[in-house]
Amino acid sequence: MSWGTELWDQFDNLEKHTQWGIDILEKYIKFVKERTEIELSYAKQLRNLSKKYQPKKNSKEEEEYRYTACQAFLSTLNEMNDYAGQHEVISENLTSKIIAGLARYVQELKQERKSHFHDGRKAQQHIETCWKQLESSKRRFERECKEADRAQQYFEKMDADINVTKADVEKARQQAQLRHQMAEDSKADYSSILQKFNHEQREYYYTHIPTIFQQIQEMEERRIVRLGESMKTYAEVDRQVTPIIGKCLDGIVKAAEAIDQKNDSQLVIEAYKSGFEPPGDIEFEDYTQPMKRTVSENSLSNSRGEGKAEPKFGGKAKGKLWPFIKKNKGSTPEDFSNLPPEQRRKKLQQKVDELNKDIQKEVDQRDAITKMKDVYLKNPQMGDPASLDHKLAEVNQNIEKLRLEAQKFEAWLAEVEGRLPARGEQARRQSGLYDAQSAPAVNNCAQARESPDGSYTEEQSQESEVKVPAMDFDDEFDDEEPLPAIGTCKALYTFDGQNEGTISVVEGETLYVIEEDKGDGWTRIRRSEDEEGYVPTSYVEVYLDKNAKGAKTYI
């Protein structure tokens, strides 16, 4: 099976076919190139997606990734980033192993094809030239033969004519002989050229053309093999990254299996535990005894007319950091006194740990400077020891400042840890409130507290003097005339109102306000003439009547 013998007369068709083969190769290169662009675009989109959902530094999102479910999601994002990298590898390998090599091969193929068909055309032109020479000698031979016949006929005519002179007859005879000789010469020339043409034609059809077409056939077969190898490489490039992509997917599965719901639940406890104890049972108050009515230790407060009460560390006021204590508006206090005890303890402990790390860094730096100074003392040519004194003094000063700061926070931490109820104190602190004996201590601690700028303030001494609404609200309702409404309010949340003196409300319900929040976190409202009580201020949105007596404007 050879193109040289089977397709000896299909020069033009072979030229078209080989050009089509090069076009197919270029089409495949274009296909692979577009695939690489898709891989790069896909990898870029995956990286952008992963980056979009990465937690922002120093934000609340970063704190959320303490939970194992969020950590698994973060691992998924990281694995997807690596997954995108493998698609970039596919693009790079397709470019280097297929596109670049095939592009060079196409250029070489075009040059080789051009050379082969140039040789073929040259052989064609040569045989055509030989054919033209043959045709020319043939026509000349034919022409000379005809001329010789005419000359012979003319001579015979002249020789037969008695009226013609002998000289004219001789002249016609010589002319006939000349023409006959010319015909013989043309015959010999035609015979020689014919033999030469037949030889050239045999060489053309049995040697030159088969050789050229065989080279073209080999060139075309190499093109087909190269295309097949490129397709294998195309598949192999994908197969090479498959194990790594599998590892990325295994990493996602492993991260998902590492999710620990119990651990996340414990983290929720650590994040939001206030450190308070739930209030104990309310004692029975016997009104049959002719004695001054007292309020049990478990009540929310003394009667509203008795003035200042003990701080309350329990309750359901939604949105309050300290239950029943007005939220501190403005900047966060340096000692985190606006937080519940457990959360405050965690914040203070975190601050102490940070300060200790900073102290250790400064101590390490001081040790390094001291060692350097010793080296300078032993080898003065290396540097001046006195040049390090200023830096050493600065570091010592920083250490002293950090230690004082740490002592301050450690004192606050000790104060909080002393206040937190221990397990054995439950019987003594059933109501969740401090004993009356501990109230002065609270005041003293608050008075000894520093403000963020380091100065002492009396504001914090008033934090412990919190007014708490009385639980015996019914007495006031019995003894007093109904208070006029000073505005209206809308319930933002549903409140059960299970404690004495409170009233249940349903989300979206509109009621009358008869007594505004006095700073204790409770607002007195009325549904009807016979149904009124207290609700947490944070549970309602108040609209006060500016013309009402004692009304305040809320900002």
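The following exercises, with worked solutions, concern a predicted model.

**Exercise 1. Determine where Glu39 lies, whether Glu39 is buried or exposed, and which residues Glu39 contacts.**

Step 1. Glu39 belongs to helix α2, which covers residues 11–52.

Step 2. The relative accessible area of Glu39 is 8%. Buried means under 20%, so Glu39 is buried.

Step 3. A polar contact of 2.7 Å joins the side chains of Glu39 and Arg35.

Step 4. With neighbours within four places in sequence set aside, Glu39 is in contact with His87, Ile90 and Ser91.

**Exercise 2. Classify the aromatic pair of Phe31 and Tyr234, and state which parts the pair ties together.**

Step 1. The count of aromatic pairs comes to 13. One of them is formed by Phe31 and Tyr234, with 5.6 Å centre to centre and 35° between the planes.

Step 2. Planes under 30 degrees apart count as stacked and over 60 as edge-to-face; the pair of Phe31 and Tyr234 is tilted.

Step 3. Phe31 lies in helix α2 and Tyr234 in helix α5 (residues 166–257), so the pair ties together parts 203 residues apart in sequence.

Step 4. Phe31 is partly exposed at 41% relative accessible area, whereas Tyr234, at 19%, counts as buried.

**Exercise 3. Classify the pair formed by the rings of Tyr204 and Tyr205, and assign the exposure of each residue.**

Step 1. The ring centres of Tyr204 and Tyr205 are 4.7 Å apart.

Step 2. Their planes stand at 80°, so this pair is edge-to-face.

Step 3. Tyr204 has a relative accessible area of 6% and is buried; Tyr205, with 30%, is partly exposed.

**Exercise 4. Identify the arginine residues whose charged ends sit over the rings of Tyr67 and Tyr105.**

Step 1. Over the ring of Tyr67 sits the charged end of Arg66, 5.3 Å from the ring centre.

Step 2. Over the ring of Tyr105 sits the charged end of Arg226, at 4.9 Å from the centre.

**Exercise 5. Describe the largest nonpolar core and the elements that contribute to it.**

Step 1. The largest nonpolar core has 40 residues. Those with the most contacts inside this core include Leu25, Phe213 and Ile216.

Step 2. Two or more residues of this core come from each of α2, α4 (68–160) and α5. Helix α4 supplies the largest share, 16 residues.

Step 3. Not counting residues up to four places away in sequence, Ile216 touches Trp3, Thr18, His116 and Phe117.

Step 4. Another core, of 19 residues, lies apart from the largest one; Phe336, Ile359, Ile399 and Ala406 are among its members.

Methods: Residues are numbered from 1 along each chain as its sequence is written. This is a predicted model: local features need pLDDT of at least 70, side-chain atom pairs count only at pLDDT 80 or more; totals for chains, interfaces and linings use all residues. Side-chain values use heavy atoms; hydrogens and water are left out. Helices (H or I, at least four residues) and strands (E, at least two) are DSSP runs, numbered from the N terminus. Buried means under 20% relative accessible area, exposed over 50%, partly exposed in between (1.4 Å probe, protein chains only). A polar contact is a pair of N or O atoms within 3.5 Å; within protein, one must be able to donate a hydrogen and the other to accept it, and residues adjacent in sequence count only if both atoms are side-chain atoms. Contact means heavy atoms within 4.5 Å. Rings of Phe, Tyr and Trp (its six-membered ring) pair if their centres lie within 6.5 Å; planes under 30 degrees apart count as stacked, over 60 as edge-to-face and the rest as tilted. A charge sits over a ring if NZ of Lys or CZ of Arg is within 6 Å of the ring centre and within 35 degrees of the ring normal. A nonpolar core is a set of buried Ala, Val, Leu, Ile, Met, Phe, Trp, Tyr and Cys residues joined through side-chain atoms within 4.5 Å.
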